[in-house]
Amino acid sequence: MTQGQTPTTQLMAVLPGDDPTTASRARPSSGGTGNLRRVILGALGVVGIAVFWELYKFLGPEKGWAIGTTIILPRTNDMSMPHVWTMFERLFQPLTGAANSKMMWEAVVDASAFSLYVAAVGWIIGVSVGFLLAVLMQRFRTAQSAVLPWVILSQTVPLIAIAPLVRRWGSQIEFGSFVWENWMSVALIASYLAFFPVSIGALQGLNSPETAHVELFRSYGVGWWKTLIRLRIPASIPYLIPALKLAAANAVIGTIVAEVSIGLKGGIGRTVIEFAGAAGGDPGKPWAPIFGAIAIGLIAAGIVSVFALFLRRFMRQETNS
Amino acid sequence: MTAIENRVPAAQASDTRNQTGETMTQPLTGERESQSTGGSDAVVVRDVGKIFTTKKGATVTALENIDLTVAAGEFVSLIGPSGCGKSTLMRLIADLDTPTSGTLTVFGKTAKQARLDQEYGIAFQQAGLLPWRTVRANIELPLELHGFSKAARTARSRELLLLVGLGDFADNYPDQLSGGMQQRVAIARSLAESPNLLLMDEPFGALDEMTREHMQAELAHICAETQAAVVFVTHSIPEAVFLADRVVVMSPRPGRIQAVVDVKLGAGERTDDLREDDQFFASVSEVREHLHGTHATGVRGVENR
């Protein structure tokens, strides 16, 4: 860049209170050490749970402890509480006794991938609908009064109640070669849970610009649409990112629960139910799909976090130093 | 020395306008252009009133019988205690509010048309920069919104960055700048489309005294260079006097124009030396007397004596 030293620049170059070093110092450094610390603390938390599990299994009463019929302390025998290593060992053993059986982990990965795909479809639908609802509510106050109560009310309907309904309605949809499949019902139910945090978070974010900013855009004589694109949507990002993470978690939960309610085969939800029956003879088996479900949740949240990295500049706040 | 040249016509315009002031009281419509001096006015406010209605139905008269003309290239400060309606008056000119009564024209157009035609640039007390945009992108915002080409935007933002002395900070984000620097970015942004009118609502209100005086000198310099008319809202008497050709003193409840003080600081560019000038102190005293209603008795500011 050319440093054309006009008289103006010279006049303005040396001013008190404008020392660039103080300005740059104002930003706290979030270096790699902070991230490493977080990773270590996170891993320690997981290890802590495993240690607590084993500790209780070692110290707790074999038959549990109950007052009357109310069990206060759970049983610690190997059937009820398998060792942590039993759970992991089971992952690397064949699924069944059959000769050509898949490995357990392969079965879990397949089921998890399927559920993750369904959850992702649900997430995308939910986020789109949620965001559009938020834009609508921002634009028209009457829409906000009319829609917002229903948005909140929608989340009080039990998932188990609507899952069979969605399935029945879906089975009646058929045009041309398109046939409604069960996994679509599951994705739809996942989106039903996912849209909620997005619509609420996005509405709050779209309404977050200060009056000064809104008036500035008004002074530029630009309409609602440009104000939305250049001001409201960028300003909504800090509110939107946590909402997207919540939506991802909700989509995963919605997928797993809907798989069970609808009876969709192939996903991790169904696998959890199927394998739970094996607890009597094969205590490690039910844990494998549970790890799968946890992994889906982490991957979903992780994808959103990576996505958020590209939006970092929108997380900046205007501050007066 | 463009500074001298463009101060003089402004002063002449305001003088002639004062002489013909009585003829301007007739309702202003399309025939403004035919008047000898009317065509050059940046802002014409005639008998404007503004009444706010609260939710409970109570009314507050913010402005009453406001008459004010700002000539092209003229710097007018609005000063008065809180609640005197000085900001409201500026917001009416900016078409951020609409007057309840009276007429208001900006360069011969309605306030709304003037806003849509981008006749003015505006700066508020808070810099109001978009935190996710770099300094350069913030300055280019109005140009971007109005469809200027990338090349034109880059050229203009480079000019303005040099003008406000932030050439090295083009790619910084607002949160990396001090308050004074942020406010300079806001001023550069208000100048982006080379408006003939600048509206400023206490732009230096949040700055410390040192930075503030420097910013005032800079603004005086920028105004001399751009030849824009300025309506400048402030509650600082020295600031109003230092910057303005005329200081409009307002009184509250209801907001009215109490007096208009002509500041005679000579035709040259305003520099910090003027702060020691006798004429500067005289004008400061005059404004203060008007602010306090009648001629102030008893204790007064020591610095004028």
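Helix H11 (residues 268-276) of chain A and H12(A) pack with their axes 8 Å apart, at an angle of about 160°; axes here are lines fitted to C-alpha atoms, for helices over the stretch in contact, and angles run from 0 to 180 degrees between N-to-C directions. Helices (H or I, at least four residues) and strands (E, at least two) are DSSP runs numbered from the N terminus. This is a predicted model, in which local features need pLDDT of at least 70, side-chain atom pairs count only at pLDDT 80 or more, and totals for chains, interfaces and linings use all residues. Residues are numbered from 1 along each chain as its sequence is written, while chains are lettered from A and ligands numbered from 1 in the order in which they are written.

H11(A) and H12(A) are therefore roughly antiparallel (over 145 degrees; under 35 counts as roughly parallel, 65 to 115 as roughly perpendicular and the rest as oblique). Their crossing is left-handed, meaning that the near helix is turned anticlockwise from the far one by less than a right angle, with clockwise giving right-handed. On the H11(A) side, A:Ile268, A:Thr271, A:Val272 and A:Phe275 meet residues of H12(A), among them A:Pro289, A:Ala293 and A:Ile296; contact requires C-beta atoms, placed from the backbone, to lie within 7 Å. The residues of this contact comprise eight nonpolar, two polar and no charged (Ala, Val, Leu, Ile, Met, Phe, Trp, Tyr, Cys and Pro are nonpolar, Asp, Glu, Lys and Arg charged, and the others, Gly among them, polar).

H12(A), spanning residues 287-309, also meets H5(A): the two axes come within 9 Å and cross at roughly 40°, which makes H5(A) oblique to H12(A). This crossing is right-handed. Contributors from H5(A) include A:Met104, A:Val108 and A:Leu116, and those from H12(A) include A:Phe291, A:Ile296 and A:Ile299. Here the contact residues divide into 12 nonpolar, three polar and no charged.

Confidence is worth a look alongside this packing. Chain A has a mean pLDDT (the predictor's confidence in each residue, from 0 to 100) of 82, with 88% of its residues at 70 or more.

Turning to chain B, the domain assignment (automatic or from a database) gives domain 1 (41-119 + 195-260 + 282-296) and domain 2 (130-194). Contacts link 12 residues of domain 1 of chain B with 11 of domain 2 of chain B. Helix H7 (residues 209-226) of chain B supplies the largest share of the domain 1 side, five residues.

Key
Contact = placed C-beta atoms within 7 Å.
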